[in-house]
There are 2 protein chains.
Amino acid sequence: MSQPIDIAVIGATGTVGETLVQILEEQDFPVGTLHLLASNESAGSGVMFRSKSLRVREVDSFDFTKVKLVFFAAGPAVTRSFAPRAQAAGCAVIDLSGGLSAEAAPALVPEANAARLENLAQPVQVSSPSAAAVALSVALAPLKNLLDIERINVTACLAVSAQGREAVSELARQTAELLNARPLEPRFFDRQMAFNLLAQVGANDTDGHGALERRLVGELREVLGLPALKISVSCIQVPVFFGDSYSVSVQSRKAVDLAAVNAALEAADSIELVEEGDYPTPVGDAVGQDVVYVGRVRGGIDEVEQLNLWLTTDNVRKGAALNAVQLAQLLIKHVV
Amino acid sequence: MSQPIDIAVIGATGTVGETLVQILEEQDFPVGTLHLLASNESAGSGVMFRSKSLRVREVDSFDFTKVKLVFFAAGPAVTRSFAPRAQAAGCAVIDLSGGLSAEAAPALVPEANAARLENLAQPVQVSSPSAAAVALSVALAPLKNLLDIERINVTACLAVSAQGREAVSELARQTAELLNARPLEPRFFDRQMAFNLLAQVGANDTDGHGALERRLVGELREVLGLPALKISVSCIQVPVFFGDSYSVSVQSRKAVDLAAVNAALEAADSIELVEEGDYPTPVGDAVGQDVVYVGRVRGGIDEVEQLNLWLTTDNVRKGAALNAVQLAQLLIKHVV
């Protein structure tokens with residue numbers, strides 16, 4: 001077993017941060033002292049780790065020389081404020097917020113581009129990409145050499161938990177109001193989320209693309225090592241609490257060998273291929289699990305160069321917290 | 001005003017049939033006698049029309065020589081059983097069930113291919129296509145000549161009402177059970193539908209495609225008059241009561257002129273183009289309306305030959321009942 005190392009988790013009270021702490025414990029990660037940090041509002045609360053309640057402290061006054069590894073699981077602004085301090089103190093940084101540029105912190109998904117970890121400058125800064133990029137990378141990495149991918153079309157159906165705890169409460173509250181025929185009063189979302197679909201997540205830029213859509217495109221190209229990959233993506237918000245789903249259509253430049261695709265998916269460690277005739281759902285399969293579920297593997301209706309897939313995965317766990325812990329496992333072996 | 005004509009509606013007690021009767025009344029359609037028909041189970045109930053409750057009778061014993069026009073709004077098996085009798089009695093037939101072949105009853109969406117009505121053999125048999133084909137045809141018809149469309153990628157997010165009243169009750173019941181922490185007992189759907197997404201609608205064929213997906217491909221090619229159009233489609237079932245939504249990516253062979261696309265959408269009668277910065281939703285916009293809402297009109301992230309759109313429309317009204325009544329309006333002008 002590795003030498004225990006001292007670790008800080010910033011954003012420890014959020015949905016992702018809390019899950020991250022839980023996975024460190026589940027995996028018996030060699031943690032020495034664990035420092036849980038958050039911004040002012042959340043500091044002071046307690047989070048359970050190895051049967052003890054650890055007090056969450058303010059990140060502002062934290063001395064980063066106390067730790068060797070820092071997870072940034074709060075917002076991108078928090079990462080941009082404190083990552084330089086962590087790095088100056090010699091800490092390895094794993095950012096989950098998308099707050100650092102691809103140059104400063106390459107995006108990593110162990111199943112797809114673990115080799116990228118070698119030859120990084122010390123102290124290492126890496127980025128655990130968006131849940132969408134994790135799910136798509138895990139599913140497409142085993143297929144990359146089987147297909148000659150020209151373009152990927154994705155409709156990402158995102159659970160409200162991606163927006164944090166408030167969004168989860170809001171969906172529950174709106175649903176109860178509607179079922180009880182009380183007037184709907186949207187608070188977190190700007191309109192009805194219950195029994196409805198929202199066509200975008202957050203605001204769009206002047207070209208009509210959302211920040212998450214652009215982030216996904218950049219991360220997916222980087223992680224798959226396909227810088228010229230064409231990607232069309234629409235992120236929509238669906239009335240699901242946990243578990244993101246992806247309707248994916250891959251256009252290849254050559255005929256798709258479906259038997260080989262199925263065999264490659266079947267053989268991949270982090271993929272659960274659901275048998276023909278059934279299909280995975282976020283609630284029924286993905287939630288709480290460590291794999292990406294893949295189903296509805298099929299060709300085009302009359303294009304042999306097309307592959308269609310349905311993916312679903314736990315956005316908080318596999319899409320974020322687990323990927324970051326998997327990165328930490330690799331870091332402590334190779335780097336820290 | 002046209003001469004009143006006698007009409008039969010088969011499937012008058014279903015969600016679509018009931019809406020159809022309501023639209024005939026709203027539009028002051030020149031109905032002489034209206035005969036409401038259904039299969040055994042529903043016969044005997046009453047449906048309101050022009051302030052009177054009309055008794056719903058068994059289709060089995062109906063004398064089709066009493067009417068000139070028949071709407072088939074029950075299942076495809078009912079259409080296949082009774083359309084030959086209606087036709088033998090000289091009735092024009094408008095089928096909403098997908099029960100007739102494209103040769104026997106061409107698919108028609110007035111905004112896209114009304115001209116197809118000319119030169120049809122008497123008595124006329126036409127098909128009002130699936131809600132998905134109606135929505136996509138209405139949105140794409142004005143763009144057909146602006147783009148040189150190579151392929152359309154669609155993720156169709158379908159409301160439960162497409163499956164009828166039982167599916168609507170089931171979503172409400174499941175939601176209430178979950179909010180009240182009672183054990184979930186799926187009945188209509190084979191698993192949890194509340195707060196979940198189902199990756200397919202109905203069973204798939206041996207190639208993995210659903211009947212609705214194949215139907216959409218055939219109808220869209222026919223209605224748009226583009227028999228070689230490449231279409232990738234995934235139909236998913238979402239926890240929304242009414243209103244279908246479509247995430248659409250169009251690949252053109254030439255650069256897309258977004259200003260011209262916006263102008264064409266703006267000018268189309270049956271389209272409501274939602275301004276940049278906002279977007280339409282099924283619950284907030286589409287339900288109860290007679291148009292297809294279009295939003296998030298944008299190019300590709302870095303492909304000038306790509307056009308991305310979000311559509312939402314009332315699946316029962318615009319997607320089915322209204323399209324059928326619009327067809328009837330054309331029929332009584334030109335044919336009946």
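Tutor: Gladly! Two strands pair if DSSP finds at least two bridges between them. Strands (E, at least two residues) and helices (H or I, at least four) are DSSP runs, numbered from the N terminus. This is a predicted model, where local features need pLDDT of at least 70, side-chain atom pairs count only at pLDDT 80 or more, and totals for chains, interfaces and linings use all residues. Residues are numbered from 1 along each chain as its sequence is written.

Student: How do you know that strand 1 and strand 2 of chain B pair?

Tutor: Five bridges join strand 1 (residues 5-10) to strand 2 (residues 31-38) of chain B, and at least two are needed, so they count as a pair. In one bridge, Val9(B) has Leu36(B) as its partner.

Student: What makes strand 5 and strand 8 of chain B edge strands?

Tutor: The open sheet has six strands in the order 5-2-1-6-7-8 in chain B, with parallel pairing. Strand 5 (57-58) and strand 8 (125-127) of chain B each pair on one side only, which is what makes them the edge strands.

Student: Why is the second largest pocket said to lie between domain 1 and domain 2 of chain A?

Tutor: Domain 1 (5-128 + 320-334) and domain 2 (134-315) of chain A, with bounds from an automatic or database domain assignment, both give residues to the pocket's lining, so the pocket lies between them.

Student: Which helix of chain A gives the most to that lining?

Tutor: Helix 1 of chain A, with three residues.

Technical notes
Chains are lettered from A and ligands numbered from 1 in the order in which they are written. Side-chain values use heavy atoms; hydrogens and water are left out.
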